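Here's a quick tour for someone just getting started with protein structures. Have a look at the picture first, then work through the notes below.

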Amino acid sequence: MKKLAIHLHIYYEEQVDIILQYMKNLADVDYDLFVTVVKSNPIIEQKIKAFNPNSHIWIVENRGYDIGPFIEFLHHINLANYSLIMKIHTKNNKTGCNTYLNQHWLSRKLWFELLIKALLGSPNVISKNIKAFKKHPKLGMISSKYLITSDYPTYAIMLPKINSIMKKLNYAPISKLTFVAGTMFIARSYLMQRIKDNFTINDFAPTDSNVKDGTLSHVLERIFGAITIASGYTIKGFDTQMSLEYNKLLSFLYRKKITKSNHKLIKICKIPVYHHKLKLGK
């Protein structure tokens with residue numbers, strides 16, 4: 001296989017160290033690293049260059065969350081030079097906000113961990129992922145098995161927009177789809193060609209954190225999965241050392257959160273043992 005192209009988009013700068021720690025597991029992999037940031041930060045750039053002196057770093061407009069910068073990245077490379085593309089990014093891990101997906105409640109922190117560990121969790125995980133693409137010619141995309149979803153409510157409202165884009169990309173309309181919630185994945189580079197040919201970062205509105213769903217970014221998040229299936233490929237998810245069952249046990253034994261009323265709440269075995277009003281700024 002040809003080498004791997006990795007796109008890392010950085011918005012939450014405090015997560016750079018942990019992502020670079022995971023990326024150390026790529027030591028035996030032939031890859032090129034492309035990093036997009038939304039503002040200049042010499043310290044961040046120095047860390048990335050120290051990790052990989054050959055990395056490519058550039059500033060992009062804050063458009064389209066992590067999707068717009070990914071499209072920008074596609075325009076910076078020749079897809080024919082790579083067999084696979086890995087898409088990773090920082091993710092808001094603010095506490096007190098959980099999402100129900102695939103019959104599980106996921107905190108933002110756990111969501112990020114499941115995605116990143118499925119791709120970069122260990123040298124063995126990375127080797128397993130790459131070998132899977134070599135062994136299975138019709139495998140198109142890999143991510144965390146917990147974040148791959150076909151739940152109709154996750155795309156129903158957006159289906160007209162999805163099919164409008166499917167038509168634009170010269171694919172047949174669909175009535176159901178499977179996609180990676182959170183858009184961290186490894187995919188065959190070939191699958192991204194029509195996306196590259198039809199979109200640029202300028203197609204995206206400036207990112208507005210108050211808009212929670214329905215933007216072009218959210219539609220393309222689902223399109224990545226839709227075109228993989230429509231092209232005759234499969235999407236697979238592998239387990240990691242961190243299972244949701246184990247996380248549930250830990251959450252049952254000990255849970256700390258900040259409530260909407262700005263109280264710190266600690267529960268042990270679901271029993272509140274500490275409740276305290278926080279001062280402003282704490």
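Leaving out neighbours within four places in sequence, valine 29 is in contact with Leu4, Ile126 and Ile130. You'll find valine 29 in the loop between helix H1 (16-23) and strand S2 (31-37). Keep in mind that this is a predicted model.

**Around valine 29**
- Valine 29 and lysine 3 are 26 residues apart along the chain, and their C-alpha atoms are separated by 8.1 Å.

**The nonpolar core**
- In soluble globular proteins, nonpolar side chains tend to be buried together.
- Here, the largest nonpolar core has 84 residues.
- The residues with the most contacts inside this core are Met23, Ile88, Leu120, Ile162, Met192 and Ile223.
- Which helix gives the most to this core? That's helix H4 (residues 108-120), with eight residues.
- Now zoom in on isoleucine 88: not counting residues up to four places away in sequence, it touches Ile6, His7, Leu8, His9, Ile19, Met23, Ile116, Leu119, Leu120 and Met184.

**Aromatic pairs**
- To describe a pair of aromatic rings, you give the distance of the centres and the angle of the planes.
- How many aromatic pairs are there? The count comes to nine, using a cut-off of 6.5 Å between ring centres.
- Take tyrosine 11 and tyrosine 12: their ring centres are 4.9 Å apart and their planes sit at 85°, so this pair is edge-to-face.
- Tyrosine 11 counts as partly exposed, at 40% relative accessibility, and tyrosine 12 is partly exposed too, at 26%.
- Phenylalanine 70 and phenylalanine 224 also make an edge-to-face pair, because their planes are at 85°, with the ring centres 5.6 Å apart.
- Phenylalanine 70 lies in helix H3 (residues 67-74) and phenylalanine 224 in helix H8 (residues 216-230), so their pair ties together parts that are 154 residues apart in sequence.
- Are these two phenylalanines buried or exposed? Phenylalanine 70 is buried, with a relative accessible area of 0%, and phenylalanine 224 counts as buried at 1%.
- Ring pairs also link up into a cluster made of Phe34, Phe70, Phe73, Tyr82, Phe185 and Phe224.

**Lysines over rings**
- Phenylalanine 70 turns up again here: lysine 87 lies over its face, at 5.7 Å from the ring centre.
- Over at phenylalanine 199, the charged end of lysine 168 sits over the ring, 4.3 Å from its centre.

Technical notes
Residues numbered from 1 in each chain as written. Predicted model: local features only at pLDDT ≥ 70, side-chain atom pairs only at ≥ 80, totals over all residues. Heavy atoms only, no water. Phe/Tyr/Trp six-rings, centres within 6.5 Å; stacked < 30°, edge-to-face > 60°. Buried < 20%, exposed > 50% of the residue type's maximum accessible area, 1.4 Å probe, protein only. Helix = DSSP H or I, 4+ residues; strand = E, 2+ residues; numbered from the N terminus. Lys NZ or Arg CZ within 6 Å of the ring centre and 35° of its normal. Core = buried A, V, L, I, M, F, W, Y, C linked by side-chain atoms within 4.5 Å. Contact = heavy atoms within 4.5 Å.
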